[in-house]
Amino acid sequence: MKRIVIVPDGVGDWPLKELGNKTPLQAASKPNLDDLSRHSILGTLKTCPDGMYPGSDVCGLSLMGYDPKCVYTGRAPLEAANIGIVLKPGELAFRCNLVSEEKGVLTDYSADHITTEEAQILIEELQKNLGNNLISFHTGKMYRHIMCYKRAVDIDCTTDQPHDFQGTPFASHWPSGKGSEILIDLTNESKKILTNHPINQKRLKAGKKPANMIWLWGGGPAPKLEHFETRYGIKGGVISAVDLLNGLGRYLGWEIISVPGATGYFDTDYQAKGRFAIEALKRLDLVFVHVEATDEAGHMGNVKEKIRAIENIDKFIVGPIVERLKEEKEWRLFVAPDHYTPIVKKTHVAEPVPFIFAGSDLPFCCSERPYTEPDSKATGIALDRGYELMLRLVKGWQHYEHG
Ligand SMILES: [Zn+2]
């Protein structure tokens, strides 16, 4: 039995005036998705449990077959995994943004989208000056880095996400709770180390904002994730250009399939993703294919790019993969985004997502509806537990219903 998951990140959207009150999914030309949807089960899936933030981490865990309420411990531990840091019991990882500050105001959560090359030098400088047997700094990508803390019992505090308070005084967003002074001290110390660093002098001369401070947030211990093969009895792999999803894959024991030309952006090589997924199916039981471009377009409020990304996913990923799966005697597939990223909101929204569940052994089929948000609601098939879809993908739609 071969199984595929296709995740057009953030594809869910709301009707738009400029599209004649259609959503991007309704407006896009996507013959493969629509054909698949018409001959399969169509419904909605609640990927984000009540009270949680609909991030790609929480919603991604649901799609991968895990209940975020039981296993989620924070975003940073997952990102850390993808740069090779697997936390031991009793250790914490924090996201360490390189940020720009001016006179106490956080002016840029991304330090003007600093490059990884520049960032690496600054993070190494922080490690040299602030690293010790408890604290270590690790370079990630661009402005996104990791600070590890080895004695978890010292810290139990809440932190604010810097992209939520850009343009305001950061002193009103300091971490609070047990051990928060450790994070605040590191932040203040980082300012002294980074402000006059040659990299920042160069950036200022070039008219760019300096990376003159860090911001620590999203900390937590290793997630409580059982290996996928232990839990579901089959071997999986993931194709994604996003650190977070690859990090999740690592914790699950999935193969991280790297695809040359996969960028996580509009210029991503869709064809290569489709090809590599088909290739990986030869050795794996399940391949999870994630495309970020639809989410990026949502964050930018760019309707045209969102529609183009949907059409590319349809043509270069869904089309070839479905064609290949149909050569198998037994196969199953689901298509579902992790969350909505509505163009008008430019951010994630926790709303049940439209899904297609297809395969060689459907108990019933033929929704006779295209793959759109309103159509997915109209079928009345609504799964409340996000991890259920993976369970059904592994065991069969019916099998699950009978316990
Ligand atoms: Zn997003």
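Let's start with Phe-170, a residue that is buried, with a relative accessible area of 5%. Keep in mind that this is a predicted model. What does Phe-170 pair up with? One partner is Trp-174: the two rings sit edge-to-face, 5.5 Å centre to centre, with 80° between the planes. Trp-174 counts as partly exposed, because its relative accessibility is 23% and buried would need a value under 20%. Phe-170 also forms an edge-to-face pair with Trp-215, this time with 6.2 Å from centre to centre and 65° between the planes. By the rule used here, the count of aromatic pairs comes to 12.

Now zoom out to the whole chain. The domain assignment gives domain 1, made of 2-72 + 225-401, and domain 2, covering 81-220. Taken over C-alpha atoms, the centres of the two domains are 32 Å apart.

So where do the domains meet? Five residues of domain 1 are in contact with six residues of domain 2. The size of an interface is often given as the accessible area lost when the parts come together. Here, about 570 Å² is buried between domain 1 and domain 2, and carbon and sulfur atoms give 44% of that. On the domain 1 side, Asp-243, Arg-250 and Tyr-251 lose the most area to domain 2, together 80% of what that side buries.

Across the interface of the two domains, the rule finds one salt bridge. There are also two residue pairs in polar contact between domain 1 and domain 2. Sorted by class, the domain 1 side touching domain 2 has one nonpolar, two polar and two charged residues.

Notes
Residues numbered from 1 in each chain as written. Predicted model: local features only at pLDDT ≥ 70, side-chain atom pairs only at ≥ 80, totals over all residues. Heavy atoms only, no water. Domains from an automatic or database assignment. Contact = heavy atoms within 4.5 Å. Buried area = accessible area lost by both parts, 1.4 Å probe. Salt bridge = Lys/Arg side-chain N within 4 Å of Asp/Glu carboxyl O. Polar contact = N/O pair within 3.5 Å; in protein donor to acceptor, adjacent residues only side chain to side chain. Nonpolar A, V, L, I, M, F, W, Y, C, P; charged D, E, K, R; others polar. Phe/Tyr/Trp six-rings, centres within 6.5 Å; stacked < 30°, edge-to-face > 60°. Buried < 20%, exposed > 50% of the residue type's maximum accessible area, 1.4 Å probe, protein only.
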